[in-house]
Amino acid sequence: MKIWAEHPAKADVEAAVRRYFDLLRAGRIPEAEQIVEHTRVRHVLKSLWSGSVGAAADTDVEADGDANPDADPDPDRDPDAQADGARRSRAGDAWERDLSWLGALDLGDFSWGHTGSHFYVEVTYRARTMEVALGFWVKPVDAGWVLAGPSTLW
C-alpha cells in the first residue's frame, strides 16, 4: 500500500486512484489491493457490475418484456419462474467468473470535499455516468498517510 510521509497532493491521490482502477479493469485484483487500504474488493466489483452491466441487463429485460421486476411468482407452481430463477442464478455470478465487462468502465470526474481528505469519483459505463460512484479518503496512519476506500455510493 502506498504510504505518503506528508498529506499528499490531490494530483498524487488521483493518480493512485487511476492506477487502482486501471488494475481493476485489467483484472489484476491482488495488485489493485496493494494500492488502497480496504478489505472487500468483491463488494466493489459487484457494485460496479450492478451499476453497469447488471443495470443494462435489467433494462433490456424490462424493455423486451421477458421479466417483470415487480412480480414475485411462486417457483413451486410456475415452471417459467423456475427457469427464470435458474437463469438469474447463473447470471448472478457471471460478473465474478468473467471480468471482461470491466473494460467498458472508466473514471469520470473527481469531486473533493472541503477538507481535502474525502472525495468521490464518478464511474462511466460505455461513456455514460453510472448511478454508483466510488468514495475514497486520505487518512493518517502511524507511518504517514494512506488512501482508504473505496466505498460505493449510490
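**Exercise 1. Determine how much accessible surface the chain has, and what share of that surface belongs to carbon and sulfur atoms.**

Solution. In this predicted model, the accessible surface of the chain amounts to about 9,300 Å². Of this area, 47% belongs to carbon and sulfur atoms. Turning from the surface to the residues, the chain has 154 of them, and 35% count as buried.

**Exercise 2. Describe the order of the secondary-structure elements and the sequence range of the contacts in the chain.**

Solution. Begin with the inventory, which consists of six helices and five strands. Reading from the N terminus on, these elements follow the order β-α-α-α-α-α-α-β-β-β-β. Next, take the contacts between residues at least 6 apart in sequence: 50% of them join residues at least 24 apart.

**Exercise 3. Identify the residues that touch the most other members of the largest nonpolar core, and state which elements supply the core.**

Solution. The core holds 34 residues, and those touching the most other members are Tyr20, Leu48, Leu105, Phe136 and Leu147. At least two residues of this core come from each of helix 1, helix 2 (29-33), helix 3, strand 2 (105-112), strand 3 (118-125) and strand 4 (128-141). Helix 1 provides the largest share, seven residues. As a general background, nonpolar side chains in soluble globular proteins tend to be buried together.

**Exercise 4. Decide whether Leu24 is buried or exposed, and list what Leu24 touches.**

Solution. First locate the residue: Leu24 belongs to helix 1 (residues 10-25). Its relative accessible area is 1%, and because the limit for a buried residue is under 20%, Leu24 counts as buried. Not counting residues up to four places away in sequence, Leu24 touches Ile29, Ala32, Val41, Leu45 and Leu102. Finally, the C-alpha atoms of Leu24 and Gly103 are separated by 9.2 Å, although these two residues are 79 residues apart along the chain.

**Exercise 5. Work out whether Ser47 is buried or exposed, and name the residues that Ser47 touches.**

Solution. Ser47 is found in helix 3, which covers residues 41-51. With a relative accessible area of 6%, Ser47 falls under the 20% limit and is therefore buried. When residues up to four places away in sequence are not counted, Ser47 touches Val132, Thr152 and Trp154.

Conventions
Residues numbered from 1 in each chain as written. Predicted model: local features only at pLDDT ≥ 70, side-chain atom pairs only at ≥ 80, totals over all residues. Heavy atoms only, no water. Helix = DSSP H or I, 4+ residues; strand = E, 2+ residues; numbered from the N terminus. Buried < 20%, exposed > 50% of the residue type's maximum accessible area, 1.4 Å probe, protein only. Contact = heavy atoms within 4.5 Å. Areas by Shrake-Rupley, 256 points an atom, 1.4 Å probe, with all protein chains shown as cover. Core = buried A, V, L, I, M, F, W, Y, C linked by side-chain atoms within 4.5 Å.
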